[in-house]
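Visitor: Hi, I have a structure open and would like a quick tour. Can we take it in short steps?

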Amino acid sequence: MTAEAIIVGAQIVAGHDGSAELLINLRHPNGAEGPVQLDEATGLKLMKTCGATHVDELTGQSWRRIVEGL
Amino acid sequence: MYDVIVRGGLVVDGSGTPGYRGDVAVLDGKIAAVGKITGDARRFVEAEGRVVAPGFIDPHTHFDVQLLWDGAAKPALEHGITCVVPGNCSLSLAPLRAADRQQVIGMFQQIEEMPPAAFTEAFDWTWEDFAGYRAAIEKSLSINVAPLVGHSVIRLWVMGPDAQQRAATADEIVAMQVMLRECLDAGAVGLSTSFVDVDENGRPVPSRFAQFEELDALSAVLGEYGRMLQIVPEFYAIDITIARIDQLAELSLKHCIPTTFSPVFDSTATPDNVARTMARVEEQFARGARVWPQMQTRPIDISFSLLRPSLFFARLPRWVRILRQPLEQRIAALRDPETVEKMVADTGPDGGERMMGRLVIRGGDSAPNALAGRTLSEIAKDRGEVPALALINLSLEHGLDVALLSANAGHEVTDRIGPMLAHPLVHIGASDGGAHLASFSTYGDTGYLFSEFVRKSGAMSLEQAVRKITAETADIWGLKDRGRLEAGKAADIVIFNADTIGRGEEYPTFDMPGDGMRYVRAATGIDTVLVNGQIAYAGGAYSDARAGVVCV
């Protein structure tokens, strides 16, 4: 078990404001999982920060990478 | 002698009870009688074969700016809307000092996507306080307005630049209470706040710097008037939304106020979110709290172009790499045949037919008007190309400024949404009318309610649907004179064809100040709309009537 939340899945979904957004599934240190939906700008930054060119490449990344993109 | 008698329609009075054939008489802006009416009138409106209902109420809009030059909030009125609630999401145009206007304009542009000319050419800033703003819009209203006052602008009024920097002091909170009281006295129907919105620089709007004590103190003032607190919760995370529901419930119970939050929408990617939200809402209502979730009727479409990076391509690594580049390099890459060949190959052996073929050209951009509304698949066939190649070449031919639409990408499964909308604790709203101008149309949601959830799926009866967006909305918001066809109530009436009412096709138009573009939908199935007893829209045209009021 890691000491921090990690991304265990990501997919593209429709955002409230009509853009494509990134739905991230996070697994927390206690094993619980939950989704967080990132707006398009934040999602694009996350992919860039992680050097990802496909959403599947986000799996295994720390939740902190999301914050770096904010 | 009545002013108007609407004769022989199916009267669906907003109460939810079965419709019946009857007449509605109007005198001095009020409904004088409903039933079989034999008296004379200056004007008769024949409603045979049509539904006669109370005017629809749209509880979540951003028409604050548009109302200053367009008192009908077009095209809301032609869709049967007779009352709009602007000032949502913590933003209103008053109270606002002259020195702070530019800052709030930036916030409005971020939310509404309104062109700068809307703020510099379309009206004169004649006010600073809420009463002044009310006077400015009241001059030419043909639709009714029940305005919220925004928490962010109250904060800005009291704290100046610090409003977007820090928590308020005890004295500042008291000053905000005083200002809120002044706004409520001047006709505000409540306070809006946001835990999500940002300004044009991506910075949190002022309301997001408030501590709970501040919201509690402002809610206490709302309690003095029994008025609404509207919030935008952190809807990107369901657990935080649920925590906000609990917080709203505490405020509702403590101060005896109604509260509402939006948006609430369904997604097959997070299929439990709405159920979890509603479970918590039900728990809190059972405790006596009023925490109304607002849900939109329309599905969510995704729009994008190659002009800016989009997550739409986030499953195509080569596309991501290329579209991530600065504009000049991006265009160069898209002009390179070898690169394009690989990009097209990435979309599959069908050249992107399955992945992109159903994308629709939106119009309102640099693409030829003739292409608007057509699918990429159709256009590709005409061009003798596969869809992925057509997308690239068409975009290149127009400086990449070709807007594409992926329709029904969220909140789109009618069989799931219908029962949600019919839930007795779901407040139908969240249209965002007057906002997102350049992204999608925020008009026609009420027509869609009837076409999709009454006619097509049968999730609710005609009478239930009418009740949801009339009497129920009026009750939630405390709009005592609205929402019912009942003697003594305001004569806000919509006459429509139950077989044809719909939201209409979306199309771009350049009717914003400075020739600004927005997407709209023209109403279908709406015959006549009366506002306070005067015909504001009939036969496909707006009248000169200016009977709209700021209603409380």
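Visitor: What radius of gyration does chain A have, and what would a compact globule have?
Guide: Chain A has 11 Å, and a compact globule with 70 residues would be near 11 Å, so the two agree. The radius is taken over C-alpha atoms, and the globule rule is 2.2 Å times the number of residues to the power 0.38. This is a predicted model: local features need pLDDT of at least 70, side-chain atom pairs count only at pLDDT 80 or more, and totals for chains, interfaces and linings use all residues. Residues are numbered from 1 along each chain as its sequence is written, while chains are lettered from A and ligands numbered from 1 in the order in which they are written.

Visitor: What box do the C-alpha atoms of chain A fill?
Guide: Roughly 35 × 25 × 20 Å, taken along the principal axes.

Visitor: Which pattern does chain A follow along the sequence?
Guide: The pattern is β-β-β-α-α. That makes three strands and two helices. Both are DSSP runs, numbered from the N terminus: helices are H or I with at least four residues, strands are E with at least two.

Visitor: How much of chain A is buried?
Guide: Buried residues make up 43% of its 70 residues. A residue is buried if 20 or more other C-beta atoms lie within 10 Å of its own, exposed if 12 or fewer, and partly exposed in between; C-beta atoms are placed from the backbone.

Visitor: Now the interface. How many residues of chain A are in contact with chain B?
Guide: 25 residues of chain A are in contact with 29 residues of chain B. On the chain A side, β1 (6–14), β2 (20–27), β3 (33–38) and α1 (40–49) each supply at least two residues. Contact means that the C-beta atoms of two residues, placed from the backbone, lie within 7 Å.

Visitor: What kinds of residues are on that side of chain A?
Guide: Twelve are nonpolar, nine polar and four charged. Ala, Val, Leu, Ile, Met, Phe, Trp, Tyr, Cys and Pro count as nonpolar, Asp, Glu, Lys and Arg as charged, and the others, Gly among them, as polar.

Visitor: Over to chain B. What span should helix α8 have?
Guide: Helix α8 of chain B, residues 273–286, should span 20 Å for its 14 residues at 1.5 Å a residue. Its end C-alpha atoms are 20 Å apart, which agrees. The expected span is 1.5 Å times one less than the number of residues.

Visitor: Which residues of α8(B) are buried?
Guide: They are B:Asn273, B:Val274, B:Thr277, B:Arg280, B:Val281 and B:Gln284. They cover an arc of only 130° around the axis, so they sit on the same side of α8(B). The arc is that of the directions from the helix axis to the C-beta atoms.

Visitor: What do those buried residues pack against?
Guide: They pack against α7 (238–255), β12, β13 (291–295) and α15 (414–422) of chain B. The face turned away from the buried side carries the exposed residues B:Ala275 and B:Ala286.

Visitor: Where are the cis peptide bonds?
Guide: One joins B:Lys74 and B:Pro75, with omega about 0°. Another joins B:Ser262 and B:Pro263, with omega about 5°. B:Pro263 is in strand β12.

Visitor: What is the phi of B:Leu400?
Guide: Phi of B:Leu400 is positive, about 70°, although B:Leu400 is not a glycine. B:Leu400 counts as buried because 20 C-beta neighbours lie inside 10 Å.
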